[in-house]
Amino acid sequence: MIKSGCLSIALTATALLLLESGIRIASAETITLTLSNGDKIQGKSVKSESTDTVTVIDHPSLGKLKIQSTALKAKPKKKRWTGSFSAGITGSNTDRDQDLDSTSQLITQYKDEVNLFSFKANTEYGFSRSAREKEGSTDTNQGQLDLRYSYTFSGKSDAYISNIYDYDTLNQVGANNLINSIGLGYDLMKTDTTTLNVSAGPSVQTIWGGKFCTRDKYCGNTFAASSARISFDWDPNNYFNLSLSNQFTGAYVDGLSPSNNFSGTIKIYPLGDKKLFTSLNGQFIYNSLTSPQIDNSFSLQLGTQLF
């Protein structure tokens, strides 16, 4: 129960930090408008006074400006399908040891006015061999699949269904973990550059696999649970993107058995064309039903937008 309480406090703190940072970003959001003649003007967006036909900005020199939508250059249509692939590899070879580590990540998404479908897959593999070993050993072999669909049915409200599967072949108990969830979500913030969404609903969690799974009274079973997720995405320009996500699941066994998955990605586009990028990825996993219970990882990758 102490671990559960600490984890709940950590989750609440993470959510509050994301919410506070998102509100601060949106309140001071600087936008660049392109006029029909090609000229550009920059200022802080005044959302409270803007409408569908008039955009109000606070210019640092000219003060508050009201710009008619007819005076702006038409925005290009956003792509409905987007996708990216990134990978990283490190290796070393000495007189005594050989090491090889690799990571990869595939992300694809479809988004229109009411539908949002996303698929994310990542893998990590590490291999090492010393001079005394003939075949070597696997140090890391893990990954995750995250499949999610949401439908916006009213303003900022949506209904979702999600499936999250993660594996770690080196886990002694719970080498495989599957969480299926359905529920409701709400956009606390949604602008052209910033999205902050919270969602929650009932779920089902299944744990199986591992060397000692048959000896564990919970491994190999499915439990009723509840899940909650908060996700934050910030895409301010063509050079930078920040994505954060935290999912908490509580399985109804031994009172409440918690698991938490916090992940984050920073993408840097050096050419400013939203194609080639360098990404820093981090993932922090806690699962009270597996052994070991903690699994944290970091990776630096090079990637490209596929479409």
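Here are a few friendly notes on the disulfide and the salt bridges in this predicted model.

1. Let's start with the sulfur atoms. The structure holds 1 disulfide, and its partners are Cys213 and Cys219, with an S to S distance of 2.0 Å. The torsion about that S-S bond is about -100 degrees, so the disulfide is left-handed. Both Cys213 and Cys219 are buried.

2. On the charged side chains, the count comes to 5 salt bridges. One of them pairs Glu49 with Lys64, whose closest N and O atoms are 2.8 Å apart. Glu49 sits in the loop between strand S2 (40-45) and strand S3 (54-59), while Lys64 belongs to strand S4 (residues 63-68), so the pair links distant parts of the chain, 15 residues apart. Glu49 is partly exposed at 35% relative accessibility, and Lys64 is partly exposed at 48%.

3. Another salt bridge brings Arg80 and Glu113 together, with 3.6 Å between the closest N and O atoms. Arg80 lies in the loop between S4 and strand S5 (81-93), and Glu113 in the loop between strand S6 (97-111) and strand S7 (115-130), so the contact ties together parts 33 residues apart in sequence. At 43% relative accessibility Arg80 counts as partly exposed, whereas Glu113, at 64%, counts as exposed.

4. Do have a look at Lys274 and Asp235 too: their side chains form a salt bridge at 2.5 Å, N to O. Lys274 is in the loop between strand S14 (257-268) and strand S15 (276-287), and Asp235 is in the loop between strand S12 (221-234) and strand S13 (240-251), 39 residues apart. Lys274 is partly exposed at 21% relative accessibility, as is Asp235 at 28%.

Note on methods. Residues are numbered from 1 along each chain as its sequence is written. This is a predicted model: local features need pLDDT of at least 70, side-chain atom pairs count only at pLDDT 80 or more; totals for chains, interfaces and linings use all residues. Side-chain values use heavy atoms; hydrogens and water are left out. A disulfide is a pair of cysteine sulfur atoms within 2.5 Å. Buried means under 20% relative accessible area, exposed over 50%, partly exposed in between (1.4 Å probe, protein chains only). A salt bridge is a side-chain nitrogen of Lys or Arg within 4 Å of a carboxyl oxygen of Asp or Glu. Helices (H or I, at least four residues) and strands (E, at least two) are DSSP runs, numbered from the N terminus.
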